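Load the model and keep the sequence beside it.

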Amino acid sequence: MAIEQNYLKRRDLDSLKAVEAAFQAGPLADALDAAPDIERRRGLSLAEFERDYRSQGRPVVLEGHAADWPAVRTWSFEALAERCGTVPVVVDSYSSRAARKTTFGEFVTALRQTAGTGAPPICLQEWYYKTVSPELADDLPELDIAHYDFRRDLYGDAAATNHQLWLGQCGGITRLHQDSYSVDVMHIQIVGEKRWSIMGPDAELLADPTGQLELDALLASPDTRLTRFVLRPGDVLYLPAWWFHRIELLTDSIGLGRKALDQVNLRRHVHQRIGELLALALNPDELRRTHSELFDVVMTRGRALAHQMDVDLSRLRQ
């Protein structure tokens, strides 16, 4: 199997750690401090969004676009714990060693008890709340700028609305990555603040013959398009497909992840989904080796999609 040369696209643990270390110290960290802010718009009409951003593949933050949502106005960790305290969840799911089952109420209690202790930040990532707490959906209206999402036509209503809540403790970091399946990223900040660092889809980080990362070349390239910005409650981020992004939690935070499949990316989306499902079915051991930290997440995604599409996975073995 060919080795991916671009370290930004690698998913083995050593490469992930090497890229993250570059964000913490060195020329990339220095460049982040001086990086420009993302373009921000307030009161943007749907027609303006389509013309100026979606059609051109340009990221933008819509300031206060969701400020009137019930979730933005009323949610807190404690309020959610009162509503969903007994709901089972899996926290720290992006680490096979740290992942553990608990309840939402226990998650919030642990988050408060460990604050400021120096313990690793606790996170509840990719929480498909509609499956276990569908009543929360009333507080999270449909996002008007996501009207073009082709997943509804492709998979049906249930699979197309698998929005995810991301909840985490101050100091948590989601390492640099591209979202899977060629989907546009839309993130609605509900509670707290997150700092995002993004790079263009053609950003490339290579290593020299000695194995040292060529960070200066990354920063000098016009394809990198390094940008840094903060999302605050009510803000909505639109990030086109394939843009790299890294997130730091500046406070305890709750955000809603809303994906959207642009029809122009349909062929690539289907190719990726089929490729992933075939890899899981035919060669799971290799996938576990090459994507050790993401393997459980990929398995969960595959099972969730099968359930939403009413596919009986047990029949695949017959």
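The side chains of K259 and D179 are joined by a polar contact of 3.1 Å. A polar contact is a pair of N or O atoms within 3.5 Å; within protein, one must be able to donate a hydrogen and the other to accept it, and residues adjacent in sequence count only if both atoms are side-chain atoms. This is a predicted model: local features need pLDDT of at least 70, side-chain atom pairs count only at pLDDT 80 or more, and totals for chains, interfaces and linings use all residues. Residues are numbered from 1 along each chain as its sequence is written, and side-chain values use heavy atoms, with hydrogens and water left out.

Stay with K259. It sits in strand β13 (residues 253-260). Helices (H or I, at least four residues) and strands (E, at least two) are DSSP runs, numbered from the N terminus. Is K259 buried or exposed? K259 has a relative accessible area of 17%, so it is buried. The cut-offs are under 20% relative accessible area for buried, over 50% for exposed, and partly exposed in between (1.4 Å probe, protein chains only). Leaving out residues up to four places away in sequence, K259 touches D149, R151, Q164, D179, V183 and D184. Contact here means heavy atoms within 4.5 Å. M186 is 73 residues from K259 along the chain, yet their C-alpha atoms are separated by 5.8 Å.

Now take in the whole chain. The secondary structure comes to 13 helices and 13 strands. The chain has 318 residues, and 48% of them count as buried. Consider the contacts with a separation of 6 or more: 78% of them are between residues 24 or more positions apart.

H177 is found in strand β7 (residues 173-177). Its relative accessible area is 19%, so H177 is buried. The side chain of H177 reaches the backbone oxygen of R175 at 2.8 Å. Beyond its neighbours within four places in sequence, H177 is in contact with R11, W243, F244, H245 and I247. R246 lies 69 residues from H177 in sequence, and 6.7 Å separates the two in space, C-alpha to C-alpha.

Next, the backbone angles. Most residues other than glycine have a negative phi. Which way does phi go at E126? E126 is not a glycine, but its phi is positive, about 50 degrees. E126 belongs to strand β5 (residues 123-127). At 10% relative accessibility, E126 counts as buried. Y181 also has a positive phi, about 70 degrees, although it is not a glycine. Y181 lies in the loop between β7 and β8 (184-191). Its relative accessibility is 11%, so Y181 counts as buried.

Turn to the helices. Helix α5 (residues 77-84) and helix α6 (residues 104-114) have axes 8 Å apart and pack at an angle of about 155 degrees. Axes are lines fitted to C-alpha atoms, for helices over the stretch in contact, and angles run from 0 to 180 degrees between N-to-C directions. α5 and α6 are therefore roughly antiparallel. Angles under 35 degrees count as roughly parallel, over 145 as roughly antiparallel, 65 to 115 as roughly perpendicular and the rest as oblique. In this pair, F77, E78, L80, A81 and C84 of α5 meet F104, G105, F107, V108, L111 and R112 of α6. The residues of this contact divide into eight nonpolar, one polar and two charged. Ala, Val, Leu, Ile, Met, Phe, Trp, Tyr, Cys and Pro count as nonpolar, Asp, Glu, Lys and Arg as charged, and the others, Gly among them, as polar.

T86 lies in the loop between α5 and β3 (88-91). At 72% relative accessibility, T86 counts as exposed.

Compare another helix pair. The axes of helix α1 (residues 13-24) and helix α2 (residues 27-34) come within 5 Å and cross at roughly 50 degrees. α1 and α2 are therefore oblique to each other. Here A22, F23 and Q24 in α1 meet L28, A29 and L32 in α2. The contact of α1 with α2 divides into five nonpolar residues, one polar and no charged.

Finish at helix α3 (residues 46-54), where F49, E50, D52 and Y53 are buried. The buried residues of α3 pack against β1 (40-41), β2 (60-62) and β11 (236-239).
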